[in-house]
Amino acid sequence: MSRNADDGDDRTDEDRTGEDRTDEDVRRGGGLTTGEVARRLGVAPTTVRTWDRRYGLGPDAHTGGRHRRWTAADVARLERMCALTATGLPPAEAARMARSGTSPNAAPVRRAPAPAPASAPRPPVRDRSRAGSGLRLGDARQECKGIARAALRLDATALEELLLAAIAEHGLVTAWTEVIMPTLQAVGRKWESSGERYVEVEHFLSWHVSGALRRSAPPVGADRPGATTVLACVPGESHTLPLEALAAALAEHGLPVRMFGGALPVESLVAAVRRTGPAVVGLWAQSRTTASRPLAQHVAAMEWGVRGARRRPVVLTLGPGWAGQGASGLPRPAGLAEAVAVVRSVVAG
């Protein structure tokens with residue numbers, strides 16, 4: 001991303017690598033750095049600096065030198081800016097209201113050419129950028145709230161930066177388990193309770209999560225006899241993100257993976273297993289209606305290799321659809337970390 005000459009990089013090392021400080025730390029003095037504020041808001045640091053330069057939304061006081069420190073009041077003003085722009089207000093108007101503390105209802109109303117017909121009063125515009133309450137993220141990591149705010153604003157640049165930063169800081173497994181998955185679940189709950197209003201947010205977030213997983217994973221490991229893992233959704237199942245996370249995590253450990261994605265037909269799954277001779281086959285089912293115990297047992301019974309040294313794959317039944325459907329003797333890992341551990345154990349054995 002290009003940077004204007006007058007938009008100097010005022011980040012400190014703490015901006016780039018340090019942990020965000022708590023609100024209590026801010027109240028005690030010192031304030032937050034620009035990088036910390038950006039992570040809290042779910043925007044890029046360049047956005048915070050642009051709002052300061054263009055609209056006068058910078059901190060009320062500066063420390064020595066050119067380093068900015070943002071107080072709780074400064075951050076609250078920026079949160080107001082985020083909330084107003086999320087309702088569709090132009091940035092300049094949102095900034096004016098954020099500085100003055102007025103609401104959209106207090107803004108001058110332009111007269112229409114003709115009076116509109118009488119109708120029921122419109123409900124107030126919901127603040128779709130307030131992830132903490134609107135998406136019920138509760139005590140989730142601060143990164144969850146920033147990612148959710150960026151997704152609700154459909155801010156592709158900020159969302160990508162935040163996802164990649166979470167993976168780089170925590171590692172792929174922890175980032176998926178403690179940051180990405182809770183945010184996806186919160187957006188899913190919001191979509192289910194709001195009709196079709198948030199479908200675009202869920203699709204947008206899922207697309208960028210998929211891209212971040214691929215960008216963060218190293219190249220797929222070279223095939224090694226008896227070490228490959230085949231990953232596929234069962235027929236009728238299209239939820240691929242958890243499998244993409246597992247594929248990326250296995251690649252992170254240098255384990256060869258063959259990913260076949262959503263709704264792989266039975267004949268194609270059997271053909272893929274026969275052609276690759278995998279050590280492990282992971283079958284994802286999100287719903288009980290798609291989980292098939294006979295299919296899992298059939299794959300687990302497949303054999304290959306020379307006579308006297310025949311081998312069978314270890315079949316992992318992955319996803320909530322297998323609850324109560326798991327076949328006897330087939331592992332059902334409880335989460336991503338456990339699935340990675342099982343695969344590593346099988347390959348090492």
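**Figure 1. Residue classes in the lining of the largest pocket.** The lining of the largest pocket has 15 nonpolar, 11 polar and 4 charged residues. Here Ala, Val, Leu, Ile, Met, Phe, Trp, Tyr, Cys and Pro count as nonpolar, Asp, Glu, Lys and Arg as charged, and the others, Gly among them, as polar. The model is predicted: local features need pLDDT of at least 70 and side-chain atom pairs pLDDT 80 or more, whereas totals for chains, interfaces and linings use all residues. Residues are numbered from 1 along each chain as its sequence is written, and side-chain values use heavy atoms, with hydrogens and water left out.

Figure 2. A pocket is an open set of points on a 1 Å grid over the protein atoms alone where a 1.4 Å probe fits, with protein on both sides within 12 Å along at least five of seven lines; lining residues have an atom within 4 Å of a point. Nearest the centre of the largest pocket lie W176, H239, P242, W284 and Q286. Helix α10, a DSSP run of H or I of at least four residues, gives the most to this lining, with 9 residues.

**Figure 3. The open sheet.** Four strands, each a DSSP run of E of at least two residues, form an open sheet in the order β2-β1-β3-β4 with parallel pairing; strands pair if DSSP finds at least two bridges between them. Because β2 (257-259) and β4 (314-318) stand at the edges with a single partner strand each, one side of each is left without a neighbour in the sheet. Strand β3 (residues 280-284) pairs with β4 over 5 bridges, and W284 stands opposite L318 in β4.
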